[in-house]
Amino acid sequence: MSDKVTVLVAGSWGTALACVLADNGFRVSLWTRSDEQANEINEHHTNRKYLPEAVLPANITATPSLAEAMQDTQAVLIVAPSKAMREVCRQLKPFYHEDMLCVHATKGFETESLKRMSTVISEELGAKESNIVVLSGPSHAEEVVKRMPTTVVVASRNERAAAAAQTLFMNEEYFRVYTNLDMIGVELAGALKNIIALGAGMSDGLGYGDNAKAALLTRGIAEMVRVGSEMGANPLTFAGLAGIGDLMVTGTSRHSRNWRAGYMLGQGKSLDEVMDSMNMVVEGIRTTQAAHDMSRKYDVQMPIAEQLYRVLFEKSDPREAVEALMGRDPKNEMESMKLEIWQQWHS
Ligand SMILES: NC(=O)c1ccc[n+]([C@@H]2O[C@H](COP(=O)([O-])OP(=O)(O)OC[C@H]3O[C@@H](n4cnc5c(N)ncnc54)[C@H](O)[C@@H]3O)[C@@H](O)[C@H]2O)c1
Ligand SMILES: O=P(O)(O)OC[C@H](O)CO
């Protein structure tokens, strides 16, 4: 088998995961959108726009040619923003064969269709579902390229595919990889946590304290479990790395774009001002839009996502959003977590 793995695209997370694969001894081909970016990576071993401080291993080669990137490769990793996933897969299709392992590490939905990324991939590539894997969990690119200890989860409906992805990415030095068979849960958790992280940032931007943030993260998980269960996820997945683990990282880290965007909104900036100040993708914004439609489609209450939707898309005041959440009807904590769903999965 070839020792080459192909990574699409060369943003911050694609580049960081390319470094992990390179450290694990693979020849990595990194697909870039421009000659300029490929030249920078090949000549200087840097990708300054996305990871200013990182020095990339020499066994990463960049190319703007997909044909070259995919030649003689054993597996492909796709890390496109959710918005670009379908388009990237369409370009990849002529070079992909259905037996190839395909891992994606994107956290979001196709907002128009509410489809998960693995569905978009299998529709466009004709990939066998048993060859698609999602990689998710608490993992900021900035820390991974510094080889700081990180744990992630790789999920697939197929145990063999998940184990193959675990073998590709895991190393004993700094990157520990768990497997999970609940692909729906891992994909939903990775996408939905970004909404709650936006809310956590907004709370900090408003000047609220630790109590408010802990409340948002905890009630956020309840909201994720409710909608996830309706969509076929195992609720226990939300207690794992892709759920609570990633929520902790994204809702509290200075590296988080979602937290930062929320923080600026809390400080009174408009969505346009926030977007103009970021040169990297903030998935939580599109995901909030998707959640707004999902809560109606699946008839599930998502009060935090709903309030964020109003702030983001209806110019509602963040302080009023918090008041609306605090002033909701009294509830029983367990009932609102849909405890019966947990019991159902245990029986
Ligand atoms: N950055 C992280 O630490 C991190 C960690 C885990 C997961 N993720 C997820 O990974 C995904 C990508 O995020 P990122 O941080 O790498 O984003 P980024 O903004 O750093 O990079 C995005 C990349 O996508 C490319 N791109 C955009 N539109 C494209 C198109 N139409 N065709 C081809 N390429 C296109 C850009 O040129 C850029 O290279 C997101 O879903 C994000 O949630 C990011
Ligand atoms: O920087 P963010 O907010 O896009 O989060 C990135 C990852 O999802 C963290 O695990």
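Which element gives the largest share of the shell around ligand 2? That is α10, with 3 residues. Keep in mind that this is a predicted model.

The shell around ligand 2 counts 13 residues, and those that come nearest are S139, T250, S256, R257 and N258. Two elements, α10 (241-252) and α11 (257-266), each give two or more residues to this shell. By class, there are 6 polar, 4 charged and 3 nonpolar residues around the ligand. Both domain 1 (4-181) and domain 2 (184-346) supply at least three residues each.

Now the annotation. An unreviewed UniProt entry lists K107, R257 and N258 under "binding site". These three span 152 residues in sequence, but no two of their C-alpha atoms are more than 12.8 Å apart, so they gather at one spot.

Take K107. This residue sits in the loop between β5 (101-104) and β6 (109-110). Is K107 buried or exposed? K107 is buried, because 28 other C-beta atoms lie within 10 Å, and the cut-off for buried is 20 or more. Beyond its neighbours within four places in sequence, K107 is in contact with S136, G190, A191, N194 and E283.

Then N258, which is part of helix α11. N258 also counts as buried, with 27 C-beta neighbours inside 10 Å. Setting aside residues up to four places away in sequence, N258 touches N194, A197, L198, G201, T250, V282, E283 and G284. N194 and E283 are therefore on the contact lists of both K107 and N258.

Notes: Residues are numbered from 1 along each chain as its sequence is written. Chains are lettered from A and ligands numbered from 1 in the order in which they are written. This is a predicted model: local features need pLDDT of at least 70, side-chain atom pairs count only at pLDDT 80 or more; totals for chains, interfaces and linings use all residues. A residue is near a molecule or strand if its C-beta atom, placed from the backbone, lies within 6 Å of it. Helices (H or I, at least four residues) and strands (E, at least two) are DSSP runs, numbered from the N terminus. Ala, Val, Leu, Ile, Met, Phe, Trp, Tyr, Cys and Pro count as nonpolar, Asp, Glu, Lys and Arg as charged, and the others, Gly among them, as polar. Domain bounds come from an automatic or database domain assignment. UniProt positions are given in the numbering used here, feature names are shortened, and annotations may be inferred rather than shown by experiment. A residue is buried if 20 or more other C-beta atoms lie within 10 Å of its own, exposed if 12 or fewer, and partly exposed in between; C-beta atoms are placed from the backbone. Two residues are in contact if their C-beta atoms, placed from the backbone, lie within 7 Å.
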